[in-house]
Amino acid sequence: MSDAPARTAPAPDLRPLDDDLLGLAHRHAAAWLETLPERPIPPQAGIEEVMDALGRDLPERGEPAAAVIDRLVEGAEPGLIAIGSPRFFGWVIGGTQPVALAADWLVSAWDQNSGLRTITPGAVAAEEIASSWLLDLLGLPAGSDVGFATGATTAQFACLAAARDEVLRRVGWDVEEQGLGGAPRIRWIAGAERHGTMDLAARYLGLGAPAVVACDDQGRIRSDALAEELASGEGPAIVALQAGNIHSGAFDPFADACRIAHEEGAWVHVDGAFGLWAAASPRLRHLTVGLGDADSWSTDAHKTLSVPYDCGIAMVRDSAALRRALSMHASYLQATDVGADPHEKVAELSRRARGIPTWAVLRHLGREGVAELIDRLAGSARIIAEGLAELPGVEVLNEVVFTQVCIALEDDAATEALSTALWDDGEVLAMTSRWHDRAVVRFSVSNWGTDAAQARRTVAAVGRVFGELRAGA
Ligand SMILES: *Cc1c(COP(=O)(O)O)cnc(C)c1O
């Protein structure tokens, strides 16, 4: 030992906890979270202002880590949108459960590259436990493969990749070997009110645009129209169904649609980015009857389950199909000899251990807590719908079966004016969209903190803004 060359003191920036850096981050994070429920929800500064505050020029010499973190908070925070507010109803975006946030910090600190079972057993074990819990909670076939992707879009990609390769394999075409040039055409079929990311995932895979099947007034695919579409041709087919329409919250008729599609040999995928979670609630499970008959399912943990961005989940009944589509091998990578490696279930090879916060939330809530979370969101949506329906001239356009509420005023201009006034006011955030040729204001109840009291406060705040608009008009 004494012969070893003297070690020089490490440069300050190589010390892992320089200046209590994580303590500093913790204090800033706590301050943000404490003010979250009452701060105005829309961002208070724009991109240019934030760029000025952050400093636009690359420094010749760096600055101490703590100063970087202080600068980041001071510069960026005014430009943050309070997504975690219990009165944030924009798009379908979840908040963050504290236990998931704490677990996520550890995921970053541990920095496990979680693609391989043999290398990161601590992370993979937690993810594999979470995987089997997810299948159990969602009523999906035990033994299905579960992959942790960045979001529902990339989860859909993983599921559709398995679907595409498998339906072609059944007609004697090997995509892995032969590619897509000259392959039999796949009939790719989806409902008129599918989410736009289904088209995107299909485009990544060379499936083109879907044959579109008519939906009913709530946006559910019509089984008779699906049967007609399938009967109008032949050959390999993929059908996409939906659990949770982003405007109405409605669920496709899974039992009928799966039976019809399977009679024609089609692969059925269900996009359940937020709606799949209805299956975890004994009260709401009736909406998902037949869900387990499908072949693959995608959902998000970063929406309804309230883990931090980003975490989507791909689930595929036929593990071999998923693996054929997405696995890769290299001599320098130590592949598992038990089951599949995590990277064989999603598009990513290297990735963070993003399943760990999901494990933490499920461990924290348990089966009953998950059901209560889902019921709370749906209950709050009902309170909001009933309260807003009382306002003169406000119409609730959807049957409020789950977490979505769509309202409209007497004409599009009035509806858009309400949305703008809500944004300017800042106590409640809900965004405009178009549904069935009308402008709507959409309330997506996706935050674990939106309870009955917050729902009532939302109704009161919208009523106040609505009254001010009418008084001013
Ligand atoms: C949000 C959403 C998606 C896309 O999910 P990302 O996590 O943003 O990729 C897909 N389908 C539905 C129904 C959604 O609500």
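A residue counts as near a molecule if one of its heavy atoms lies within 4 Å of it. The model is predicted, so local features need pLDDT of at least 70 and side-chain atom pairs pLDDT 80 or more, while totals for chains, interfaces and linings use all residues. Numbering runs from 1 along each chain as its sequence is written, and side-chain values use heavy atoms, leaving out hydrogens and water.

**View 1. The shell around the ligand.** Here 14 residues surround the ligand, and the closest are Thr153, Asp271, Asp300, His302 and Lys303. Sorted by class, the shell has four nonpolar, seven polar and three charged residues. Helix H6 (residues 152–169) gives the largest share, three residues; helices are DSSP runs (H or I, at least four residues) numbered from the N terminus.

View 2. A polar contact is a pair of N or O atoms within 3.5 Å. Asp271 puts a polar side-chain atom 2.8 Å from a ligand nitrogen. A side-chain N or O atom of Asp300 sits 2.7 Å from a ligand oxygen, and for Lys303 a polar side-chain atom is 2.9 Å from an oxygen of the ligand. Taken alone, the ligand exposes 380 Å², and the protein buries 84% of that (Shrake-Rupley areas, 1.4 Å probe).

View 3. Look for Met328 in the loop between helix H11 (319–326) and helix H12 (356–389). Met328 is partly exposed, at 33% relative accessible area; that label covers the range between buried (under 20%) and exposed (over 50%).

How values were computed. A polar contact is a pair of N or O atoms within 3.5 Å; within protein, one must be able to donate a hydrogen and the other to accept it, and residues adjacent in sequence count only if both atoms are side-chain atoms. Helices (H or I, at least four residues) and strands (E, at least two) are DSSP runs, numbered from the N terminus. Ala, Val, Leu, Ile, Met, Phe, Trp, Tyr, Cys and Pro count as nonpolar, Asp, Glu, Lys and Arg as charged, and the others, Gly among them, as polar. Buried means under 20% relative accessible area, exposed over 50%, partly exposed in between (1.4 Å probe, protein chains only).
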